[in-house]
Amino acid sequence: MKPTTKFQKLIVNVDTTLEPISKEQSDYFYKECLFHKAVALKSGKTTCLDCSHSWNITSTIGWNSESKKGCCPNCGTKITIEHTRKKRYFDFSYGQIIQTHKGFQVIRAFTVNGSYNAGKKPYLSIREVSRIYLSADGKFEIIGNYNQWSFSSEAWVGEFSLKDRSTINRGHNMLAHKVYPKIKVLKELKRNGFKGGFHNKSVLTLFKALLTNSYVETLFKAKQYSFLKSIYLDGGGDIDSSKIEKRWDSIKICMRNNYKVKDTSLWFDYLDFLEFFGKDLRNPKYVCPTDLKMMHDFYLHEKREFPEKERVRKLKEKRKQSILVCADMNYSIIDTDLWFKYLDMLDYIGKDITDPKYICPSDLITEFENSVIIYNRLKVEENQRQYEMDKGKFFDLQILSNDYLITVLKSIDEFIEESTELAHCIYESEYFKRVDSLILSAKYKGVRVETIEIDLNQFEIQQCRGFDNLPSDHNMNVINIITNNLPLIREIQFNEMDKVA
Ligand SMILES: [Zn+2]
């Protein structure tokens, strides 16, 4: 892209004098970004992939023992010793340099590659892929390659030049990662509270927020770093702090009471509940709960029950009218228990329970049975709607590994199928109603083998069972696959996939 604005022309000009990466910096990245391994053969012959020196392990480390940590006797590098015949390895990572240049904050990203072949000198390379120039008033431009990113791969393509800011993605705006420790920042950042920590944010997002957003500056000075989690850089490169702004009065109460919110997404949800139930959002009694999770879950439950409670409250009033209507019609209620249950179902189905057409049936038992069928169908639909609201974000998740396909159960019908085929009780016990658990089904070569429950608070496997609640032959494989994918599930749960962070 050709520079058009005055600012872009300035940046392109300033960029011509930025010095290339130094030897000290690249050595740091080779050391910190890449793995350091030695491979040990069954005979005990061990080769360091970094310096290709070989020596013999005659110690008690057996062929089958797990990877051991050690030091290469030649180059002194801390290494992981792997027992394998494998010779070729490849490693890839990122390094960042944070510096200033001619009055600008510069955030530089490098790809670091290592190609190893036991017994030979490794081939190491570093390539600069992105430079972000940020001014003290929060304006920025990117010079670099295009970042092509998908779930499985990442590539840096095209010429190294000025890029349209709207093409910024998580490649350019990556989380602070393997940052070269000699950091230099603008004095304005120090003044606004930057002390060297990145708090799990991307460097650009954090710096831009600190330079342009007074809410962030205040939070930083009060060390309320967890709120930074809800700050994003939107597609146009602007800071989105709308969540914080909306709850600023309550956040101020937290700061005043020295109350540290650890899980901000839970706290924001909790505040929505408080608002729904008309609680005072400036009262520390509500805003600063001792046990946030417990209070959150309490209101979550209350809110779920709310429509049903409202319906039952109104139903009780309407029933009095129903009885009057029956008296008017000279309709004698023989089985009152059954009639009240029938009334309850009619109301749930949406029929007018003051209309004699419905409430004075000549054959109560038949009408009761008919309404049970409709009632049950509506209940399933209601459960399905709630389940989609709770777990819909996981429906696209597909874990494929060798001949295994693991997916999230997507409907109440699928719960019934899974329960029936594997002869267990996830449907009967209404696992689809469990807010904190995610139910997955593992198939091997298309055949259902295991059902998995994941705890969405701890991100742990709660249960993994096959037919008749017993572990199948695939149990360990399924557990391993799921364990490897728990971070992905966590990411989906916290909705971070579609955010630029
Ligand atoms: Zn070595």
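Two strands pair if DSSP finds at least two bridges between them. Strands here are DSSP runs of E with at least two residues, and helices are runs of H or I with at least four, each numbered from the N terminus. Welcome to a predicted model, in which local features need pLDDT of at least 70, side-chain atom pairs count only at pLDDT 80 or more, and totals for chains, interfaces and linings use all residues. Residues are numbered from 1 along each chain as its sequence is written.

Strand 4 and strand 5 form a hairpin with 6 residues between them, and Gly 76 in its turn has a positive phi of about 75°.

Now to the nonpolar cores: sets of buried Ala, Val, Leu, Ile, Met, Phe, Trp, Tyr and Cys residues joined through C-beta atoms within 7 Å. Buried means that 20 or more other C-beta atoms, placed from the backbone, lie within 10 Å of the residue's own. The largest core has 40 residues, and Tyr 133 and Phe 207 are among those touching the most other members. Helix 4 gives the largest share, 7 residues. At least three residues come from each of domain 1 (6-167) and domain 2 (213-289), with bounds from an automatic or database domain assignment.

Beyond its neighbours within four places in sequence, Tyr 133 is in contact (C-beta atoms, placed from the backbone, within 7 Å) with residues including Ile 11, Phe 104 and Glu 141. A second, separate core of 20 residues includes Ile 412 and Leu 456.

How values were computed: A residue is buried if 20 or more other C-beta atoms lie within 10 Å of its own, exposed if 12 or fewer, and partly exposed in between; C-beta atoms are placed from the backbone. Two residues are in contact if their C-beta atoms, placed from the backbone, lie within 7 Å.
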